[in-house]
Amino acid sequence: MRRSTLAALCLTVVTAAVSLTACGPGSPGNASGPGDKPKAPFADLSGPQIANKAMKATRGASSLTIKGNAADGDGGQITLDVALDKKGECTGSMGMKGQGRVDLIKTGPTVYLKSDEAFLRAQSKGESKADTDAVVKMLAGRWMKSKADSPDAKDMADFCDLDSMLAEFKSNDTLARKGRATTVDGTPAFTVTETDGKDEYTLYVATEGKPYVLKLVTKSAKEPASLTFSDYDKPVEAAPPADKDIVDLDKMGG
């Protein structure tokens, strides 16, 4: 069975890398005819056309913030609250259920990561207690500095590149159905929905201003997700941490 194109929009987050794909134009069905009453949002567009319009607008954004949760591909969930832009600037946090949290900043050619104790211990499985305790004592709550092109930081740096993250927001065939008018955090929106077997994928598109993607909800037993997209075109304030709080991984040999 062809995988739903809205399903493909779901974020797959693995070790801080995100891959997004999206939907495109289809047949012009479902468009409303002319009338004397004020038209509903996107009245003259089909579900696929609305989805394509949203993808095009979102690709053109200079920055945005992603918040929510998504399946990590291994049966767990990752939470996100990250602002990023097309200059590669990035700031926010990621968490894994039961495995702690990582704060991140990328500015210029440098990546800064700050892990809590739970995350460091989860990543140290298989190591001796003494080695794990030593890592926690040295790094927990401190910013780890690394060059963005280093092996330890490359995945994070790639995630922070908005152009790269939105590269797959492109035209494709879709069976998206028109939904209803609603709001996302007070912003007027309209939904389009696709199903793939028992899974359902709903895209929320702004109806005022540019038709940006505002939210994606995935109802799925295996890969549930709920993600919001906000703060479009707002500057990303990615300032380096204070020197006293930094551990330079490159100088330590990574």
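**Rings and loops in a predicted model**

User: At 13% relative accessibility, does Y232 count as buried or exposed?
Analyst: The model is predicted. Buried means under 20% relative accessible area. Y232 has 13%, so Y232 counts as buried.

User: Which residue forms an aromatic pair with Y232?
Analyst: The pair is stacked. The ring centres lie 3.8 Å apart, with 0° between the planes. Planes under 30 degrees apart count as stacked. The partner of Y232 is Y212.

User: How many residues apart in sequence are the parts that Y212 and Y232 tie together?
Analyst: Y212 is buried, with a relative accessible area of 9%. Y212 lies in the loop between β11 (199-206) and β12 (213-219). Y232 lies in the loop between β13 and β14, so the pair ties together parts whose separation in sequence, in residues, is 20.

User: How many aromatic pairs does the count come to?
Analyst: Ring centres must lie within 6.5 Å to pair. F42 and F190 form another, with centres 6.2 Å apart. The count of aromatic pairs comes to two.

User: Is the pair of F42 and F190 stacked or edge-to-face?
Analyst: Planes over 60 degrees apart count as edge-to-face. The planes of F42 and F190 stand at 75°, so the pair is edge-to-face.

User: Where does F190 lie?
Analyst: F42 and F190 are buried. F42 lies in the loop between β2 (17-19) and α1 (47-59). The pair ties together parts that are 148 residues apart in sequence, because F190 lies in strand β10.

User: Which residue lies over the face of Y204?
Analyst: A charge sits over a ring if, for Lys, NZ is within 6 Å of the ring centre and within 35 degrees of the ring normal. Here the distance from the ring centre is 5.5 Å. The residue over the face of Y204 is K215.

User: Does D185 count as buried or exposed?
Analyst: D185 lies in the loop between β9 (177-184) and β10 (187-196). Its phi is near 50°, a positive value in a residue other than glycine. The relative accessibility is 72%, so D185 counts as exposed.

User: What is the C-alpha to C-alpha distance between G76 and K97?
Analyst: G76 sits in the loop between β3 (63-71) and β4 (77-85). G76 and K97 are 21 residues apart in sequence. In space, their C-alpha to C-alpha distance is 6.9 Å.

User: What share of the 254 residues in the chain is buried?
Analyst: The chain has five helices and 14 strands. Y212 is one of the buried residues, at 9%. In the chain, the buried share is 45%.

Notes
Residues numbered from 1 in each chain as written. Predicted model: local features only at pLDDT ≥ 70, side-chain atom pairs only at ≥ 80, totals over all residues. Heavy atoms only, no water. Helix = DSSP H or I, 4+ residues; strand = E, 2+ residues; numbered from the N terminus. Buried < 20%, exposed > 50% of the residue type's maximum accessible area, 1.4 Å probe, protein only. Phe/Tyr/Trp six-rings, centres within 6.5 Å; stacked < 30°, edge-to-face > 60°.
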